[in-house]
Amino acid sequence: MKSFLAVSALALTLSSVANAQTITSINDVSNCVYNASFASGAGNSANIAITGAQPRSGNGSLELQMTNFAQPAVYMCGSTVTGTLAQLSSLSFDYLGTNPVNTSPTIRLIFDAQYLGLTRTFNLGWYANSGAPNWTNSGDLTAVGSSPAGNTGFFLRLTGSGGGQLLRDCSTSGLSAGFDDRRQSLADWLGACNGAGGALNFSQATVKAVQVDQGRWPDFTGTNVNYVDNVTVGYGRTSNTINFESTVVPEPSTYALMAAGLAGLFAVQRRRRRSV
């Protein structure tokens with residue numbers, strides 16, 4: 001009996017915890033969600049909203065629309081997505097891409113690190129190589145491996161002034177706007193950026209936000225729309241899924257409570273009428 005209880009306790013200790021968060025506004029300060037869209041120049045526009053145009057789980061999803069040189073984006077921060085890069089155990093999202101040639105939904109891990117004596121912001125980003133005319137799950141991106149050509153995995157970017165893509169050896173000498181030949185797995189980036197030879201060290205870097213946006217090729221023109229939902233971020237055995245809904249739909253139990261309450265009010269009204 002004691003051994004059974006011990007095994008049961010161990011199973012509970014080792015079990016994973018999955019949390020869910022529903023977001024109905026992309027400017028929701030209480031849930032640490034912000035509109036981070038960017039557009040520059042005449043004729044360029046970025047629009048992002050939670051709509052019911054392409055619902056995924058429930059009645060809505062995140063709709064990202066851009067025209068020409070623009071980038072619709074939503075920035076998610078707070079305890080839901082925060083943790084160290086080394087502890088990251090799961091990362092995924094659902095996406096629907098209507099123009100697979102020139103644009104793609106992208107997910108980015110945003111964090112700070114020391115660079116040339118200054119605290120600078122970096123992001124590790126992943127985008128789909130092909131579009132998805134139907135809803136597609138990215139799969140667990142922490143398990144994505146590297147390829148010799150560097151056309152799978154994450155790109156690493158130093159943001160802000162003087163920024164750009166880093167080479168796969170974590171070198172900042174080759175900062176460039178390039179993508180595919182600089183992509184590799186998260187594990188390989190952590191291995192490359194380990195502080196050796198004075199290079200950047202990401203082993204203790206803490207993810208401060210996760211951003212979802214619509215990446216685009218430099219020569220893209222026109223208007224395009226993509227959709228994202230169910231962004232899942234996990235550290236250790238705990239994962240959190242962010243679900244975008246155009247409105248909050250009550251649970252069936254909520255409807256049952258409402259019905260019971262209305263029935264009770266109706267019964268009280270009947271008694272009052274009889275007493276009169």
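1. Start with the lining of the largest cavity: Leu85, Leu124, Leu186, Trp189, Leu190 and Phe202. A cavity here is a set of points on a 1 Å grid over the protein atoms alone where a 1.4 Å probe fits but cannot get out, and lining residues have an atom within 4 Å of a point. Helix α2 (residues 186-192) gives the most to this lining, with 3 residues; helices are DSSP runs of H or I of at least four residues, strands are E runs of at least two, and both are numbered from the N terminus.

2. A word on what you're looking at: this is a predicted model, where local features need pLDDT of at least 70 and side-chain atom pairs count only at pLDDT 80 or more, while totals for chains, interfaces and linings use all residues. Residues are numbered from 1 along each chain as its sequence is written, and side-chain values use heavy atoms, leaving out hydrogens and water.

3. How much space lies in the largest cavity? About 30 Å³, a volume being the space filled by probe spheres set on the grid points, which are joined across faces, edges and corners. Searching the whole structure turns up 1 cavity of 30 Å³ or more.

4. On to the largest nonpolar core, which has 47 residues. Such a core is a set of buried Ala, Val, Leu, Ile, Met, Phe, Trp, Tyr and Cys residues joined through side-chain atoms within 4.5 Å, with buried meaning under 20% relative accessible area (1.4 Å probe, protein chains only). Leu62, Phe122, Phe202 and Val231 have the most contacts inside this core. Phe202 also turns up in the cavity lining.

5. Val231 is worth a click. Leaving aside residues up to four places away in sequence, Val231 touches Met76, Ser92, Phe93, Ile107, Val210, Val212, Asn240, Thr241, Ile242 and Phe244; contact means heavy atoms within 4.5 Å.

6. Now the disulfides (cysteine sulfur atoms within 2.5 Å): the structure holds 2. Cysteine 32 is joined to cysteine 77, S to S 2.0 Å. This pair links distant parts of the chain, 45 residues apart, with cysteine 32 in the loop between β1 (17-23) and β2 (33-35) and cysteine 77 in strand β7 (residues 73-77). The link is left-handed, with -95° about the S-S bond, and both cysteines are buried.

7. The other disulfide pairs cysteine 170 with cysteine 193, sulfur atoms 2.1 Å apart. The torsion about that S-S bond is about 110°, so this disulfide is right-handed. Cysteine 170 and cysteine 193 are both buried.

Methods. Buried means under 20% relative accessible area, exposed over 50%, partly exposed in between (1.4 Å probe, protein chains only). On a 1 Å grid over the protein atoms alone, a cavity is a set of points where a 1.4 Å probe fits but cannot get out, and a pocket is an open set with protein on both sides within 12 Å along at least five of seven lines; lining residues have an atom within 4 Å of a point.
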